[in-house]
Amino acid sequence: DALTVAALEALMRDFVRDAQAGEHEQRGWPHTCYGVSKMGLIALTKVLARDEPGVMFNAVDPGYCKTDQNANQGYVCPERGAHTAALLAKLPGGEKWKSGLYWYEEEEVHW
């Protein structure tokens, strides 16, 4: 609960520096830039939700969508990938409010 945006940004910069120097594994980082970037986004989601309770922040995994980014090799159509984010955007306020969570296929993923 003590993580701040500034501290998270510093961690992400440390990873980039360590990866560029080829020292990331020796410093305890995994061997995946993509995975570390997603971890950073999920952590940022949780920090922002904690720090800004009047705004809904969530991280959504759209699945392996067929897009230009992966040369259209994904098996999920982009419309399906956007479904969970669209549902969250339509949530009413009050007790149905969901924030600081990680989602995949309309389900909260505990992280």
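**Entry 1: helix α2**

I looked up which residues of α2 are buried in this predicted model. Val-36, Gly-40, Ile-42, Ala-43, Thr-45, Val-47 and Ala-49 are buried. I then checked what covers them: the cover includes α1 (5–20), together with the strands β1 (58–61) and β2 (101–104). For the helix itself I noted residues 33–51, which is 19 residues. From first C-alpha to last, α2 reaches 27 Å, close to the 27 Å expected at 1.5 Å a residue.

**Entry 2: the sheet**

Two of the strands that cover α2, β1 and β2, belong to a sheet, so I looked up its order. Three strands form an open sheet, β1-β2-β3, with mixed pairing. At the edges I found β1 and β3 (107–108), each of which pairs on one side only. I noted that β1 and β2 run parallel and are joined by four bridges. I also noted that Asp-61 stands opposite Tyr-104 in β2.

**Entry 3: cavities**

How many cavities of 30 Å³ or more does the whole structure hold? My search found one. I recorded about 60 Å³ of space for the largest cavity. Its lining consists of Asp-61, Pro-62, Gly-63, Val-76, Arg-80, Gly-81, Thr-84, Tyr-104 and Glu-105. I sorted these lining residues by type and got three nonpolar, three polar and three charged.

**Entry 4: cross-check**

I compared the sheet entry with the cavity entry.

Conventions: Residues numbered from 1 in each chain as written. Predicted model: local features only at pLDDT ≥ 70, side-chain atom pairs only at ≥ 80, totals over all residues. Heavy atoms only, no water. Expected span 1.5 Å × (residues − 1). Buried < 20%, exposed > 50% of the residue type's maximum accessible area, 1.4 Å probe, protein only. Contact = heavy atoms within 4.5 Å. 1 Å grid on protein atoms, 1.4 Å probe; cavity = no way out; pocket = protein on both sides within 12 Å on 5 of 7 lines; lining within 4 Å. Points joined across faces, edges and corners; volume = space filled by probe spheres on them. Nonpolar A, V, L, I, M, F, W, Y, C, P; charged D, E, K, R; others polar. Pairing = 2+ DSSP bridges.
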